[in-house]
Amino acid sequence: MRFSVLASGSTGNAIYVATDRISVLIDVGITGKQAEAALREIGVDPKELSAILVTHEHVDHIKGIGVMARRYNLPIYANQKTWTELDGQIGTLREEQKLFFEVGEKKELEDLGIESFGISHDAVEPMGFCFYHNQKKLSVATDLGYVSDRIKETIRGADAYVFESNHDVEMLRMSQYPWSIKRRILSDVGHLSNEAAGEAMIDILQGRSEKVYLAHLSRENNMIDLAHLTVKGILEESGLKVGDDIHLKETYPDRPTKLEIL
């Protein structure tokens with residue numbers, strides 16, 4: 001299984017996951033042009049894509065899905081409630097391109113196993129995904145107000161994680177954001193702070209050289225180095241050694257991560 005975080009942050013999110021038989025995008029929250037450029041940067045021809053999976057309907061996750069679906073004749077998988085929100089936002093699609101993937105469902109697309117799970121976020125029915133191939137597992141969990149025990153159990157045991165580390169709480173509190181937005185971000189249907197991400201990972205990680213991609217960082221209320229240091233400190237206080245037991249990785253809003261092979 002191969003994957004790359006093509007873009008991650010409040011300006012747009014997209015992830016590429018592939019085997020030798022199928023390649024999918026999880027969200028396209030960047031323009032079609034940006035998605036094509038990011039794919040080509042990691043050596044992928046967009047014509048090879050097989051499908052798009054949608055986590056939820058916020059614009060930083062769906063901006064380019066209509067364009068990519070029409071341009072490359074791709075089916076889009078989303079749950080029924082999310083489709084009610086997507087229909088007015090992504091332009092015209094053929095009915096056969098609109099497919100359903102409900103919360104808690106498991107599907108096999110060619111040789112890629114996919115499991116969806118519900119998350120806590122202010123969308124109609126937001127989801128995360130776990131991917132399975134050849135005894136390898138990738139877990140994708142962003143846009144989390146909090147991490148429930150159910151989510152921890154579902155995503156645990158992965159070889160790699162794309163996991164939200166959205167903001168530094170003090171930076172957010174001192175920011176110019178209106179209080180209503182700060183309250184939303186800090187709420188149980190908002191986004192996960194660096195501290196909350198690190199604390200959740202203590203319960204999830206097993207210290208067997210898992211890779212953790214810190215994702216969906218806020219440009220205004222976080223920094224890559226700060227997120228890394230905060231999460232590293234929390235994990236090492238718990239006894240995990242970052243660099244040996246765990247490998248923390250960066251994601252970027254404007255360029256893809258190196259293609260990872262599991």
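Strand E2 (residues 14-18) pairs with E3 in the antiparallel sense over five bridges; two strands pair if DSSP finds at least two bridges between them. The structure is a predicted model, in which local features need pLDDT of at least 70 and side-chain atom pairs count only at pLDDT 80 or more, while totals for chains, interfaces and linings use all residues. Residues are numbered from 1 along each chain as its sequence is written, and side-chain values use heavy atoms, with hydrogens and water left out. Helices (H or I, at least four residues) and strands (E, at least two) are DSSP runs, numbered from the N terminus.

E2 and E3 belong to an open sheet of seven strands with mixed pairing and the order E6-E5-E4-E3-E2-E1-E14. Its edge strands, each pairing on one side only, are E6 (98-100) and E14 (260-261). Leucine 53 is found in strand E4 of this sheet. With 0% relative accessibility, leucine 53 counts as buried; buried means under 20% relative accessible area, exposed over 50%, and partly exposed in between (1.4 Å probe, protein chains only). Leaving aside residues up to four places away in sequence, leucine 53 touches Leu25, Ile26, Asp27, Tyr77, Phe101, Ile114, Phe129 and Phe131, where contact means heavy atoms within 4.5 Å. A separation of 9.6 Å is found between the C-alpha atoms of leucine 53 and phenylalanine 100, which are 47 residues apart along the chain.

Helix H3 lies across E3, E4 and E5 and runs at about 150 degrees to E3. Axes are lines fitted to C-alpha atoms, for helices over the stretch in contact, and angles run from 0 to 180 degrees between N-to-C directions. In H3 (residues 65-72), the buried residues are Ile65, Gly66, Met68, Ala69 and Tyr72. These buried residues pack against strands E3 (23-28), E4 (51-53) and E5 (76-78), and against helices H1 (32-41), H2 (59-62) and H4 (80-86).

The axes of H1 and H3 are 8 Å apart, and the two helices pack at an angle of about 70 degrees. H1 is therefore roughly perpendicular to H3 (angles under 35 degrees count as roughly parallel, over 145 as roughly antiparallel, 65 to 115 as roughly perpendicular and the rest as oblique). From H1, the contact involves Gly32, Ala35, Glu36, Leu39 and Arg40, and from H3 it involves Val67, Met68, Arg71 and Tyr72. Five of the contact residues are nonpolar, one is polar and three are charged; Ala, Val, Leu, Ile, Met, Phe, Trp, Tyr, Cys and Pro count as nonpolar, Asp, Glu, Lys and Arg as charged, and the others, Gly among them, as polar.

Asparagine 73 lies in the loop between H3 and E5. Its phi is positive, about 55 degrees, although the residue is not a glycine. Asparagine 73 is partly exposed, with a relative accessible area of 49%.

Another open sheet of seven strands, also with mixed pairing, has the order E7-E8-E9-E10-E11-E12-E13. Strands E7 (106-109) and E13 (246-250) are its edges, and each pairs on one side only. From one strand to the next, the twist averages 20 degrees. Six of the seven residues of E9 (residues 127-133) are buried, so this strand is largely enclosed by the rest of the structure.

E8 (residues 112-118) and E9 are antiparallel and joined by six bridges, with glycine 113 opposite tyrosine 132 in E9. E9 is also antiparallel to E10, over five bridges; here tyrosine 132 has lysine 137 in E10 as its bridge partner. Two residues separate E9 and E10 in a hairpin, and asparagine 134 in the turn has a positive phi of about 50 degrees.

In contrast to these pairs, E10 (residues 136-141) and E11 (residues 160-164) run parallel, joined by four bridges. Valine 140 has valine 162 in E11 as its bridge partner. Helix H8 (residues 194-204) lies across E11 and E12 (210-215), at about 150 degrees to E11. Helix H9 (residues 224-237) packs on the sheet and touches E12 and E13, its direction making about 165 degrees with that of E13. Histidine 216 lies in the loop between E12 and H9. This residue is buried, with a relative accessible area of 1%, and has a positive phi near 55 degrees.
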